[in-house]
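Subject: Structure for your attention

Dear colleague,

Please find the structure below, together with its sequence. My notes on it follow directly after.

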Amino acid sequence: SLRIEPMAVASARPDKFVGLHYFNPPQLMQLVEVVKTPHTSEAAFAAARAFAQRCGKTTVDCIDTPGFVVNRLLVPYIASAIAMAERGDASIPDIDVAMRLGAGNPM
């Protein structure tokens, strides 16, 4: 994910700059991460959140941190799955089934 703060500062209007992280494919995925920087005004943040909600999305708020929320949690899971497969702890198909049925991950 791209850092939001450098773009906000470059815009010359950092108080009005908010990140909206949609997931692919956006027409199917319901979540949008609404990302604020230390410069973002509460009014701009609320307006961005309201916009995403008017688009029918569920929103979560977060600060400009690497990976935001979802990717920061997801990447370690993926890395662990790769390591398990490389060590031979479980087969790739079994890891996939375990995560789909045991953890509710759709892919």
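In these notes, contact, or touching, means heavy atoms within 4.5 Å. This is a predicted model, in which local features need pLDDT of at least 70 and side-chain atom pairs count only at pLDDT 80 or more, while totals for chains, interfaces and linings use all residues. Residues are numbered from 1 along each chain as its sequence is written, and side-chain values use heavy atoms, with hydrogens and water left out.

The sheet

Helices (H or I, at least four residues) and strands (E, at least two) are DSSP runs, numbered from the N terminus. Two strands are said to pair if DSSP finds at least two bridges between them. On that basis, three strands form an open sheet with mixed pairing, in the order β1-β2-β3. Its edge strands are β1 (19-22) and β3 (58-63), each of which pairs on one side only. On average, neighbouring strands of this sheet are turned by 25 degrees against each other, direction ignored. For this and the angles below, axes are lines fitted to C-alpha atoms, for helices over the stretch in contact, and angles run from 0 to 180 degrees between N-to-C directions.

β1 and strand β2 (residues 31-36) are paired in the antiparallel sense over four bridges. Within β2, glutamate 33 is the bridge partner of histidine 21, and valine 35 is that of glycine 19. In a regular strand the side chains alternate between the two faces of the sheet. In β1, Gly19 and His21 belong to the covered face, whereas Leu20 and Tyr22 belong to the uncovered one. Helix α2 (residues 42-54) lies across β1, β2 and β3 and runs at about 170 degrees to β2.

Leucine 20

Leucine 20 is found in strand β1. Buried means under 20% relative accessible area, exposed over 50%, and partly exposed in between (1.4 Å probe, protein chains only). With a relative accessible area of 31%, leucine 20 is therefore partly exposed. Leaving aside residues up to four places away in sequence, leucine 20 touches Val32, Glu33, Val34, Ala48, Phe51 and Ala52. The C-alpha atoms of leucine 20 and valine 32 are separated by 6.4 Å, although these residues are 12 apart along the chain.

The helix pair

Helix α3 (residues 70-87) has 18 residues and reaches 26 Å from its first C-alpha to its last. This is close to the 26 Å expected at 1.5 Å a residue, where the expected span is 1.5 Å times one less than the number of residues. Glycine 88, with a positive phi near 85 degrees, follows α3.

The axes of α3 and helix α4 (residues 92-102) come within 9 Å and cross at roughly 145 degrees. The contact is made by Tyr77, Ala81, Met84 and Ala85 of α3 and by Ile92, Ile95 and Met99 of α4.

Backbone details in the loops

Proline 25 is placed in the loop between β1 and β2. A cis peptide bond, with omega about -10 degrees, joins asparagine 24 and proline 25.

Two residues other than glycine have a positive phi: alanine 12, near 70 degrees, and phenylalanine 68, near 55 degrees. Alanine 12 is in the loop between α1 (5-10) and β1 and, at 65% relative accessibility, counts as exposed. Phenylalanine 68 is in the loop between β3 and α3 and, at 6% relative accessibility, counts as buried.

With kind regards
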